[in-house]
Each structure stands twice: as C-alpha cells, then as structure tokens.
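Good morning, and thank you for joining this group meeting. Please look at the sequence and the structure as they come up, and I shall then take you through them.

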Amino acid sequence: MGLFQKLAYFLGVKRKEVNVLVVGLNNSGKSTVVNRFKNEEERVTQIVPTVGFTIERFQNQNLAFTAFDMSGHGRYRDLWEHYYKDCHGIIFVIDSGDRLRLVVVKEELDLLLQHPDVCNKKIPILFFANKMDCKDALSSVKIAAALGLDKIMDKPWHISASNALSGEGLNEGVEWLTQQIREIVMAKN
Amino acid sequence: MSSFRRDKKEDEDGGNMFVSLEKTTILQEARKFNDTTVNPRKCTPILTKLLFLLYQGELLTVKEATDVFFAMTKLFQSKDVVLRRMVYLGIKELSCIADDVIIVTSSLTKDMTGKEDIYRPAAIRALCSITDATMLQAIERYMKQAIVDRNSAVSSAALVSSLHLTKLAPDVIKRWVNEAQEAINSDNIMVQYHALGLLYHIRKTDRLAVTKLVAKLTKMSLKSPYAVCMLIRITAKLLDEEESLNDTAMIEFMEYCLRHKSEMVVYEAAHAIVNLKRTTSRELAPAISVLQLFCGSAKPTLRFAAVRTLNQVAITHPSAVTACNLDLENLITDSNRSIATLAITTLLKTGAESSVDRLMKQIATFVSEISDEFKVVVVQAIRALALKFPRKHSVLMNFLSAMLREEGGLEYKASIADTIITIIEDNPDAKETGLAHLCEFIEDCEHFSLAVRILHLLGKEGPKTKQPSRYIRFIYNRVILECPSIRAAAVSSMAQFGASCPDLLENIQVLLARCQMDSDDEVRDRATYYSNILSKQDKSLYNNYVLDTLQVSIPSLEKSLREYTQGSTNQPFDMKSVPLQAIPTSREEEHHKHKPDGMLVSAGPIKAAVSNKQVNYAEKISELPEILDMGSLFKTSEVVELTESETEYFVRCIKHCYAKHMVLQFDCLNTLSDQLLEKVKIQVDPSEGYRVVQEFPCPKLPYNETGTAYVVVEFPEEDLVGTVGTFGAVMKFVVKDCDPTTGLPDTDEGYDDEYMLEDLEITLGDQIQKVSKANWQVSWEEAEKSFEEREDTYSLSTFNSLEEAVKNIVQYLGLQPCERSDKVQEGKTTHTLLLAGVYRGGYEVLVRAKLALSEGVTMQLTVRSADAEVAELITATVG
C-alpha cells in the first residue's frame with residue numbers, strides 16, 4: 001500500500017470495499033434489484049435469466065459494494081455456498097407474489113443459515129419482499145412470519161418490501177445494510 | 001523434464017521462477033483469490049504459475065480443480081486487464097476437469113457482449129469451452145452476433161469456437177450457416193479463412209453442398225490467401241473423390257491459382273495438382289515449373305516445400321520430376337541439411353543406376369547431421385532404389401548397416417530393418433549379407449519389438465541358408481543376455497532351426513534344455529514345448545506345431561475360448577470351429593499406409609478395425625432373429641457392386657461363407673429423396689442345386705440411408721462342382737412417395753416395384769480361405785500319403801505372360817501363394833506356383849501349378865486335398 005493510500009485510509013477518506021451476496025429463487029428479481037443500485041448510465045435495459053453468477057459494483061454512502069449476483073435457478077442453487085466465505089452481507093430477494101414457492105424459499109434460507117461458513121458469523125441479512133406492486137402480494141410481516149425470521153437470533157436482519165422496477169423500498173433496505181456492515185467493520189478495527 | 005528445466009535456467013542466467021513449483025504450494029497460494037479486495041499484482045503471478053503447472057502436464061483432482069476454479073471466479077471483480085485475460089486462460093484449462101464450470105456463463109456472456117474489445121474474443125473462447133449441449137441454446141444468440149461482429153478478432157474467435165463446438169452439438173451449429181456465409185465476405189484475411197473452415201465443416205458430409213460452395217467461391221476470388229489455400233485443398237479432395245465429376249472449372253481454378261500473387265497459394269496449388277490422382281501431363285507441366293522456380297528461390301522455406309513435394313511425387317510422376325534434376329543437383333550442397341537430404345533422395349528415386357554410387361557418397365557425408373525424420377526419408381529412398389537396381393545391393397546394404405549402428409529412434413531403426421527385410425525377400429543374392437547385418441544389429445539393439453521381429457525372421461530364413469549353424473550363436477547369445485520377451489522369441493527361433501535342419505537337432509536340444517532352467521515362465525514354457533516336440537522326431541508334428549504358426553484369427557479364438565469355458569460341455573475344444581485368419585489383401589495394406597493430411601480436409605481417422613471386420617459381420621448375422629445355426633463364419637468375400645454407382649438404388653453384396661450355407665448380405669442405399677422404400681427384399685434366382693433357406697428383408701429404407709437385407713442359401717449337398725454358379729437377383733420393394741425435406745410419406749398406401757440387379761457370381765474363391773504355409777514343401781510331401789490327389793493339364797491361351805497367369809490363378813482359386821512363388825523371375829519361361837488354403841468344412845487344400853510359356857501358357861495343375869471331392873472340384877472348375 002502506497003504512502004498516499006495509507007494516509008487516505010487513516011483519514012477515512014478512502015472508500016471501504018465490501019462483498020455482498022445476492023441470492024433468492026429464480027425469477028425473484030435479484031438481477032433487477034442489483035441493476036437498480038447501479039448508476040443511471042451503467043444500467044442495462046433488458047434483464048435475462050442469469051446463468052451462474054455475475055459480478056456488479058455499486059456504491060452507497062462511501063461504501064463500495066461488490067455484489068455477487070447469483071443465479072436462482074434450481075440447478076445452480078448448490079453453487080451459492082462457494083461464495084459464502086468472505087462475504088460481508090447477504091441480500092435475500094423473495095418474490096412476494098409467489099405464495100406457492102414460499103416453502104421452497106424457507107428451505108433454501110434454512111440451508112443457508114445452517115451452512116458452516118454462515119451460521120456462527122455475524123453477517124447481516126437483508127430481505128427484500130420484492131414485487132410489492134403485485135395484486136396478491138403478501139406483506140413483509142406475513143413473509144417474515146412464514147419464513148420464521150424471528151428465530152434468527154445471532155444475526156442482524158431486516159425485511160423491507162420493495163419494487164425493483166420502480167426502485168421503491170430499495171434505498172431504505174440498502175441503507176440499513178450499509179449501516180450494519182459499517183458497524184461490524186468498525187468493531188473489528 | 002528435469003533436463004529441460006536446467007537448460008532453461010542456463011539460458012536465462014537470472015534463474016527461473018518456475019523451476020521448483022509444487023502443486024500443493026500453488027493451490028495454497030490460490031486461496032489469495034478469495035480475499036475481499038483482489039490484488040492483481042499478486043494474483044496474476046499465481047495464475048501464471050498455475051497455468052504453467054497445468055501445461056507441464058500436472059494433474060489436478062476434481063476437488064482441487066473445482067476449488068481453484070471457484071476461487072478464480074472471484075477474480076472477476078477485478079478490472080485489471082491482464083488478470084482478466086489470465087482468468088480466461090485458467091477457465092479454459094480447468095473447464096474439462098472442474099465441476100460446475102457453467103457458473104461463469106453469465107459473467108463471460110457479459111464480457112463477450114460488453115464494450116471492452118480486448119475482453120471479447122478471449123471471453124468467447126472461454127465461454128465455448130465451458131458450454132455443454134444444453135447450455136448452447138442459451139448463448140446461441142450471442143454467438144450468432146459475434147460471428148458477424150465488425151471486430152475481426154471477435155468474429156474469428158466466434159468462428160473457431162463454433163468449429164470446436166461442432167463436435168458437441170452439430171445440429172445447433174448448422175443453424176449458423178447464414179452468419180458464416182456473411183463472415184466469408186469479410187475483408188479480414190483471418191475471418192475469411194475461419195469462416196470458410198466453418199462452412200466447409202458444416203457441409204462436408206453433403207457432397208453436393210460442398211461442390212456448390214466450391215463453385216461459388218472459386219468465382220468470387222477470395223481476398224485471404226489462407227482461405228484460397230483451404231479452398232484449393234477442398235477442391236483437390238473433391239476432385240480426388242469424385243472420379244466422374246465435370247471438373248474443368250475446378251482444374252481451371254487451380255491453374256489460375258498458380259499465377260496468384262501470394263507464394264503460399266501458388267505452392268498450395270502446385271502441390272495439389274501434382275498430388276491429384278489423375279493429373280494429365282498438360283496440367284502437370286505448369287505446376288512442376290512453379291516448383292522448379294521455387295527450388296531456386298532465396299527463401300529456404302520455399303526451397304524446402306518445393307523439394308519436399310517433388311520428393312513425394314517422384315515415384316508417381318518420374319518423368320516430370322526428372323525435368324527438375326538440374327535444379328535438384330544444385331540443392332545437394334544447400335546449407336540447409338533438410339533440403340539437401342530431400343534433394344538427394346529425390347534424385348535417387350529418379351536417377352539412373354550410374355549415379356547411385358556418387359549420390360550415396362554424398363549422403364554419407366552428412367547423414368549424421370540430420371534428424372530422424374529425414375533419415376527415414378533417406379531409408380525409404382534406398383528401399384525404392386534397391387528394388388529398382390537389384391545389382392547395387394551391396395553398396396546399399398553396407399550403407400544401411402552403417403546407419404543401423406548409429407543412434408536413432410524406434411521408427412528410424414524399424415524402417416531400416418524393414419528395408420533390409422524387403423531387400424532380402426526381393427533379392428536372393430542379398431540374403432546372406434542382409435541376415436548377417438541383422439544379426440549384428442540385434443547384438444546391440446535397445447528396441448524390444450524390433451529385436452523380436454528380427455529373431456522371428458532369422459528363424460524363418462536362417463535354416464534355408466547354406467550355413468545355418470552360424471546364426472545359432474547369435475540367437476543363443478540373446479537367450480543369455482536379454483530380457484524375457486526377447487529370450488522367448490529367441491527360443492522359438494532356435495526351435496525352427498531344430499525342426500528344419502536335422503544335423504543341428506542335437507545341439508538345439510542341448511540349448512533348449514538349458515533354456516528350461518530360465519527364470520521367466522514364458523521362456524521355460526516355450527523351451528519345454530519345443531524340446532518335447534523335437535524329441536518326438538516326427539516330421540508332421542514339426543510341421544504343424546513348430547514351423548507353421550497359428551492360423552486362426554486371434555480375436556475369434558479368444559471369443560470361442562471364452563464361450564467354451566463359460567459353457568458346460570464335456571467335449572474337448574474344437575480348434576476347427578474357430579474361423580481362420582483372413583490374410584490381409586494388399587489393398588487393405590495400402591489403405592493403412594494412407595496418411596491423413598491437414599486437419600479439416602482429412603479423410604477422418606483410419607479405421608483400425610479392418611482385421612476385426614469378419615468378427616463384426618459374424619456378430620451382426622448371428623443377431624438376426626430366428627437365424628439357423630450354421631456354425632461359425634468361415635469366410636467373408638470382398639464386396640461386389642450389383643449396380644452402377646450413379647443409379648437410383650445402390651446395392652452391394654457381401655458373401656459370407658459357412659460350412660454348409662452361404663449368407664448373402666445386400667447393403668442397399670436409397671438415393672431418391674422423394675421416396676421411402678419399405679419391405680425391401682432381394683429375390684435371388686439360384687443356380688441348380690442351391691436352395692434358398694431363409695430371407696430377411698429390410699423393413700424400411702429412407703433417403704440416403706443404408707439398409708441391409710439378407711438371404712441364406714444352402715450349398716448343393718451332393719454335387720460340389722455345382723457350387724460354382726451364377727445367381728440372378730432382383731430387388732423387390734414397396735415405394736411410398738414422400739416429401740423430400742421431411743422424409744415423411746405423403747400417403748400410407750404404397751405400390752410394389754422391382755429393380756433388376758446384376759448377376760451375382762459364386763466362385764471357388766468364395767469358399768476357400770487363404771492359409772499361409774511357411775514350409776509348403778514339407779506339407780506337400782506329407783500330403784502325398786494321406787491326401788487325395790488329382791492332376792490335369794490345361795492350356796491357358798488368353799494369357800501372354802507368366803505374371804498375368806499367376807495373378808489370375810491366385811485370384812480365381814482364392815488360395816494363398818506360398819514361399820513367395822507368386823513372384824515370377826524375369827526372363828524365365830517356366831514357373832512353379834505353390835498354393836495353400838482351406839475349403840469350407842475344414843478340408844485342407846494344397847495346389848501345385850507348373851506353368852510353361854509357349855504361345856499362351858500351359859499349366860499342369862496338381863491338387864492334393866483331404867477330401868477327394870474337393871480336389872475334383874478344383875480341377876474341374878479351372879479351365
């Protein structure tokens with residue numbers, strides 16, 4: 001690290017870099033959520049199903065996020081675990097209009113929470129109850145209850161209803177996440 | 001490996017960071033990739049080391065590879081260009097080892113369609129290496145766009161990757177033809193070349209489409225010299241394959257290319273023209289003059305290419321190459337040894353007898369300086385020379401033996417030994433010296449396979465020389481000094497001497513007794529076996545178990561024995577039930593020699609299964625439902641075509657002979673795209689005595705597919721002479737008109753139709769299997785007592801020379817000529833042809849034909865066979 005960078009680091013001017021993992025079932029809107037976080041000029045107009053994963057970058061309040069946008073397709077869900085290590089936060093996107101697969105969501109969430117790389121660490125988890133504009137969308141409270149989020153004791157979590165198409169609710173969530181990560185990083189230093 | 005590394009270190013003085021790499025350390029270091037912030041300056045060297053290891057052939061387990069692969073995927077977060085490109089390379093290398101490589105698909109697609117041009121080609125290549133057939137659909141759209149991309153590197157990468165993907169999913173790639181067509185109009189020379197490569201690859205199975213492609217492209221004058229070279233190759237292949245093609249346009253195109261401004265194209269055209277199977281001297285002349293011009297070029301590559309081509313065609317077009325002799329003479333002293341070697345060998349092939357000595361002396365001065373590959377070329381030239389000028393054998397033989405003594409690889413040594421063996425076989429005068437040289441060679445030979453071969457040859461040829469005893473010392477030395485496989489071969493070889501030379505028998509027995517104390521099982525077994533047989537003092541035993549080798553086909557013997565051990569019969573194993581080994585015909589041998597050239601335009605891998613052909617047929621036939629039990633397949637004859645090749649239906653017949661039956665296999669090809677044939681049946685009209693036993697029609701015959709129908713006939717029981725005859729044949733079938741594009745029939749109703757085929761001949765040769773007798777004379781004498789004999793004299797007025805007569809007799813009788821009696825010495829007016837074979841049912845047949853030349857050929861034919869009727873049959877059918 002060069003002298004200037006060191007100096008900048010001590011003064012807190014330099015942006016801290018963090019990794020977050022974006023997971024959720026297929027067609028829940030992960031790529032669309034991540035796309036919203038990016039600058040206006042970098043956004044893509046058309047979102048296609050992700051195969052494997054993509055890496056996207058965005059910033060929020062002096063924190064530089066590197067988001068691993070994972071594919072939610074059944075075939076690729078086993079591959080999420082390769083990226084649990086070294087991640088500072090998890091964004092879990094849920095399609096709140098899809099009542100039928102809520103059990104699948106719960107199962108995937110439980111698997112995630114039980115994974116050795118996740119279970120004993122204080123990783124903040126941000127839930128987006130996405131597609132809140134849908135007619136028969138469940139409220140965020142109902143989803144939290146259905147997924148049994150109140151049982152998560154060792155990790156900070158937060159659920160916010162969102163609409164990734166319009167961007168509604170996204171900022172609120174990500175500001176919470178930024179705050180949490182900042183606290184954890186500060187505590188470590 | 002270690003020496004290579006040391007060399008490298010010496011070169012670089014400063015030491016090499018890659019010298020002492022360990023897999024485990026690298027894998028440990030690769031964990032750095034997982035760090036939150038990627039440091040390109042640290043990660044790039046780690047990836048380099050990893051790639052270095054992989055390129056060195058280090059193997060990773062699936063787990064290791066997968067771990068490192070997933071760690072690598074995290075490097076996508078860095079924007080460093082160098083690191084990203086290393087990641088692409090890493091993905092390509094690991095794509096075939098690691099699991100779930102599909103995970104990077106989206107990341108790569110993003111790079112491939114992104115703005116950063118430097119990423120795009122590499123991303124395409126990496127993407128195609130991780131894709132499987134199911135995922136291909138998902139990226140198809142991007143690939144199509146990439147093929148027609150304006151950036152030439154992207155387009156080339158997409159085209160070449162598509163070419164690789166054709167192995168995976170040929171159907172998908174076929175849909176990209178339009179894009180490839182567009183790319184062929186590109187201004188970039190590489191894109192054009194790659195596009196042509198892809199187009200040809202997609203269409204290469206469809207000859208008509210290739211012809212159209214060539215016709216179109218020859219007119220539009222491609223910009224890229226590479227593409228033109230490729231086009232020349234495709235054209236040459238088409239011309240060679242299609243004999244009757246109307247080809248003036250193609251030939252004209254090649255001639256036009258001789259005046260192209262790129263030297264590469266000019267050479268390619270000249271090369272193609274001289275290598276065409278049927279060039280006329282009119283076409284040859286300009287091509288040769290181009291090569292001649294190249295011989296005098298200042299560029300070594302051109303000189304080399306020209307002289308190499310001339311060398312290759314020196315045998316086929318000697319007169320044309322002779323025209324360049326003056327230029328070749330100049331090249332003898334060329335500073336480039338490869339060029340000089342090729343020049344000399346070309347001259348040797350075309351030159352006169354008088355110049356041999358001079359040229360050989362010239363080669364000897366630098367033979368030690370050239371590589372093995374070129375030494376093989378020299379040896380081949382010497383072989384050709386020895387066959388052409390038998391009188392020069394002493395010069396050539398001395399030269400060969402000097403070469404044998406030098407260092408060299410197996411291929412080189414084997415080609416020398418081959419040459420010596422050919423000379424020995426061809427020229428009796430050279431036999432003693434040749435054997436002496438070979439004996440000397442095995443004294444110090446590091447190649448097992450070669451030593452074994454030479455020992456076998458000594459066993460065969462040694463006993464027939466004037467002083468067989470001198471070889472025994474050489475052979476026994478091997479028993480003392482060598483490894484088990486060579487010792488075993490030496491034991492077999494000694495036994496041959498014991499069996500053929502009665503005065504040496506006693507000494508051989510002593511030696512064999514010593515060998516029975518050997519430490520190796522195989523050697524002891526052989527020694528005991530031979531020692532026992534030799535002690536019996538029985539000529540016929542010698543003959544059957546020492547001098548003659550096993551004549552059954554090894555794969556079928558293995559199969560029969562396996563079946564026998566699995567079955568629960570009390571009967572002893574019957575050797576006669578095993579089919580005999582078919583002796584490969586010269587045509588098949590030639591086929592083996594034909595080497596593929598160039599990746600795309602090659603004829604595909606050579607089928608190694610030639611010798612197993614018969615076994616395959618037998619299996620296919622035995623799988624037919626409700627087929628009779630006919631015993632094992634005795635002989636499969638050559639394919640006979642029953643139609644002209646350009647007709648509506650193409651039918652070929654293969655005759656399979658069993659002990660009492662003959663199976664006729666008809667391979668039918670439907671060449672009409674608007675017809676679907678059903679219930680295809682071949683109705684044969686057998687000659688008298690034959691009985692049609694079973695028929696197996698082919699249920700369905702769609703366009704461009706080969707179907708097979710079988711007919712089983714029974715041989716006439718009483719009258720053996722009646723087995724030779726002519727069958728009429730008609731193909732009967734139900735036609736349904738169908739849509740040429742889909743192949744689905746228009747209606748369910750079809751109509752009956754039939755198609756006349758040419759007559760099918762059943763000859764004597766179909767019923768006789770060739771058997772090679774190493775010691776024909778002994779068998780003949782032995783047969784005098786036990787076999788039936790028939791004799792007759794014929795006058796064969798249609799033949800004008802002995803060679804012609806011998807060739808025809810061998811072909812007609814289907815017997816194997818023994819003791820090289822099929823080669824008639826020049827200038828003689830009499831010749832004795834010795835033949836051996838086995839008639840169906842296992843009756844051995846020996847034939848001696850004494851021929852005399854006097855206004856036509858007179859032949860006295862003596863047949864000895866275990867069965868009187870068979871002997872009768874043979875004498876009756878000749879004439």
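Accessible areas here come from the Shrake-Rupley method with a 1.4 Å probe, and for residues only the protein chains shown count as cover. On that basis chain A exposes about 9,800 Å², and carbon and sulfur atoms supply 53% of that area.

Two remarks on how to read the values. This is a predicted model, in which local features need pLDDT of at least 70, side-chain atom pairs count only at pLDDT 80 or more, and totals for chains, interfaces and linings use all residues. Residues are numbered from 1 along each chain as its sequence is written, chains are lettered from A and ligands numbered from 1 in the order in which they are written, and side-chain values use heavy atoms, with hydrogens and water left out.

Let me begin with chain A. It has 6 helices and 6 strands; these are DSSP runs, numbered from the N terminus, with helices being H or I of at least four residues and strands E of at least two. Their order along the sequence is α-β-α-β-β-β-α-α-β-α-β-α. Of the 189 residues in chain A, 50% are buried, where buried means under 20% relative accessible area, exposed over 50%, and partly exposed in between, with a 1.4 Å probe and protein chains only. Among the contacts in chain A with a separation of 6 or more, 73% are between residues 24 or more positions apart; contact means heavy atoms within 4.5 Å.

Two loop residues of chain A deserve a word on backbone geometry. Most residues other than glycine have a negative phi. Asn62(A), however, has a positive phi of about 65 degrees, and it lies in the loop between strand 2 (53-60) and strand 3 (63-70) of chain A. Asp86(A) has a positive phi of about 60 degrees and sits in the loop between strand 3 and strand 4 (89-95) of chain A. Asn62(A) counts as partly exposed at 43% relative accessibility, and Asp86(A) counts as partly exposed at 33%.

I turn now to chain B. How do helix 24 and helix 25 of chain B pack, and at what angle? Helix 24 (residues 393-405) and helix 25 (residues 410-426) of chain B pack at about 155 degrees with axes 10 Å apart; axes are lines fitted to C-alpha atoms, for helices over the stretch in contact, and angles run from 0 to 180 degrees between N-to-C directions. The two helices are therefore roughly antiparallel to each other, given that angles under 35 degrees count as roughly parallel, over 145 as roughly antiparallel, 65 to 115 as roughly perpendicular and the rest as oblique. In helix 24 of chain B, the residues that meet helix 25 of chain B include Met397(B) and Leu400(B), and their partners include Ile416(B) and Ile420(B).

Helix 29 (residues 484-500) and helix 30 (residues 505-515) of chain B also pack at about 155 degrees, with axes 9 Å apart.

Finally, Ser78(B) lies in the loop between helix 4 (62-73) and helix 5 (81-94) of chain B. Is Ser78(B) buried or exposed? At 7% relative accessibility, Ser78(B) counts as buried. Leaving aside neighbours within four places in sequence, the contacts of Ser78(B) include Arg57(A), Val38(B) and Pro40(B).
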